[in-house]
Amino acid sequence: MEHGVDFYPLLIVTALAVLVPLLVHRLKFIVMPIVVGEIIAGVIVGQSGLNLITGDNPYLAFLKDFGFSYLMFLSGLEVDFDLLLRKSGRRGARGPGAETSPMRPALWSLLVTVLCSLGFSYYLVERGYAQNVLIMALVLSTTSLGVVMPVLKEHGVIRKPLGQHILVTSIVADFATVFLISAYVILFTEGLTFDVLLVLLLLAATFLVYRVARATRRHLPLERLVDELSHATGQLDTRGALALAVVFIALAQGIGAEAMLGAFLAGAIVSLLSDRESSTLQLKLNAMGYGFFIPVFFIMVGVQFNLPALFGTPGQFLLVPALLGAAYVVKLAAALVYRRYFSWREVLGIGVLTSSRLSLIIAIAAVGVEIGAIEEATNSAVVLVSILTVVISPTLFNRLVERVHDRRSGVVLVGSFPPVTLVAQQLRSHGEEVKILTGNERLYCEAAKQGLDLVLVEQRDFREAMAAHGVDRARALVSFLEKESEVLEVTALARDSFGVENVVAVVQDHDLAERLKRDGIQVVEPGLSLVTVIEAMVHHPHAFSVLTQSDLGHTVEVVRLQNAGLAGNSLRGLSLPGDALVLVVARDGEVIVPRGETRLRHGDLVTVVGSKESVQEAVGHIGA
């Protein structure tokens, strides 16, 4: 067809997008992110390899540009603004309860990174290895949040103080470099004009859209309409998010800024408006991006990788080790900010993990090539360095920082609300180790008579009591406090400073309950809970009996999959002891009804039902 679309290049790209994850998964001797495999695959079929695809194909060029913008959109979506303002602590490094806001050291770390990057960039330019000081400084200042987050999750420290500090540092570095590169492009192309201030106008538009959208969400009929149209063929939430991304991309281009800034800000708005714990919107947006657009972008980065230019002259080839060394030195220097809070091994771990650079460093280098601030050979060196860092950094981090096997046990009950002793007795009858922290002397005496392990908290200083009595080793904490300020303090401390994932609060006030739910706290409202229990007994008496009556001989347990030998196996091939059965699987905020072909993944929350002996054996096998 003379004027038709040539789909063969797209066929090759989509085939690689399917094959690369399968091949990377088979690599047992090295940990390689899938996007690195996509870049390498692009190099093989591109201009530096078999030359099956060229970079001037207009359709692939568009998909690459849109994939790049979508990647920036998802980067903005990863920003957790609650985390940026949250308190986090480190006990033991500088005394129990030592605490700081993650934001403060993250900003100091960014400042040190930028200053060191400027120094190295000036050296690289003076030696003839690079051409532009500011662009190279931004290249060296980046961090790959897409690499950092999975490593922290797999290592078991993402909710620990160390993980929280690394996350905030990465988020701040991402946001700052995206903003600075956009401002620099305007300065580079337009000069010091009024147009530079238009970037601030884009930030103002972001704030305005967020405020309007948040106010609109409170309009109940409209919220119901959006919910009704966000399923099946409607998908209004997904369409709205994509439309917002395109609007901000167009707005950024209209004021002369980089499209990446508009896409990043649009993602940040969606992150602010969506429920990170339960919303399926982020899952759908991630599926669209990593299912098609983003693989096209990274494969095309490999297609356009200019290997001959990199090896053309000895001077350019030496840029790779020079850049690689600088990439690690600037981040290790910035990590010294955290010596107040962490050990030397952990500080080194922060430095090497934040040295991993992938999507953003490639994006900034691509912008530099586009405006003529970076040569093609330098761009190729940057791509190669990014690949090396994402292979080296996770491996070094694993050796430096001890992996956390969250073998938590026991439940801590805090407060003196009447049911606390009844709950303690019931949990203890099921073999749980239970400790009560209370400021009520009368309850202390009553609990002591019942043989319960109870700690009297003087002057209601729950922070010190929680640090001294094993909350950091507890698998769950339940608040029976009545004062709102105390409930908020204790639940926040348990979640953020002591890393307790299962935090429950018994509260009477509905507004407080809604606030705690938004913070990821499980809430029990006694009045509503009574109604729910009665309804369950009326509609589902047999299922309710299995869950609540131990005399039936059955029990239900939830365990996190830690057994590496089971990851990737289907439930059909899973041999559980006795009559134990997998009832449900929870993954990334999604509840999966298990079938025979359902495959388990590391970190899944698996609910097992069966006789007590079989379930205990199954839990030990799955969580090993």
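Does Phe-62 count as buried, partly exposed or exposed, and at what relative accessibility? At 53% relative accessibility, Phe-62 counts as exposed, where exposed means over 50% relative accessible area, buried under 20% and partly exposed in between, with a 1.4 Å probe and protein chains only.

## Basis of the model

This is a predicted model, in which local features need pLDDT of at least 70 and side-chain atom pairs count only at pLDDT 80 or more, while totals for chains, interfaces and linings use all residues. Residues are numbered from 1 along each chain as its sequence is written, and side-chain values use heavy atoms, with hydrogens and water left out.

## Aromatic pairs

The structure holds nine aromatic pairs. The rings of Phe-62 and Phe-66 form a stacked pair, because their centres are 6.3 Å apart and their planes lie at 20°. Rings of Phe, Tyr and Trp (its six-membered ring) pair if their centres lie within 6.5 Å; planes under 30 degrees apart count as stacked, over 60 as edge-to-face and the rest as tilted.

Phe-62 and Phe-66 are four residues apart in helix H3, so about one helical turn separates them. Helices here are DSSP runs (H or I, at least four residues), numbered from the N terminus. An α-helix has 3.6 residues a turn, so residues three or four places apart point the same way. Phe-66 is partly exposed, with a relative accessible area of 23%.

The pair Phe-292 and Phe-293 is edge-to-face, because the ring centres are 5.2 Å apart and the planes are at 70°. Phe-292 counts as partly exposed at 29% relative accessibility, whereas Phe-293 counts as buried at 18%. Ring pairs link Phe-62, Phe-66, Tyr-70, Phe-73, Phe-292 and Phe-293 into a cluster.

Ser-109 is found in helix H5, residues 103–126, and is buried with a relative accessible area of 5%. Leaving aside neighbours within four places in sequence, Ser-109 is in contact (heavy atoms within 4.5 Å) with Thr-169, Ala-334, Val-337 and Tyr-338.

Ala-334 is one of the buried residues of H16, among them also Leu-319, Leu-323, Tyr-328 and Lys-331. Helix H16 covers residues 319–335, and its 17 residues should span 24 Å at 1.5 Å a residue; the end C-alpha atoms are 24 Å apart, which agrees. The expected span is 1.5 Å times one less than the number of residues.

## Asn-51

Asn-51 lies in the loop between helix H2 (34–45) and helix H3 (58–77). Its phi is near 60°, a positive value in a residue other than glycine. Asn-51 is partly exposed, with a relative accessible area of 46%.

How values were computed. Helices (H or I, at least four residues) and strands (E, at least two) are DSSP runs, numbered from the N terminus.
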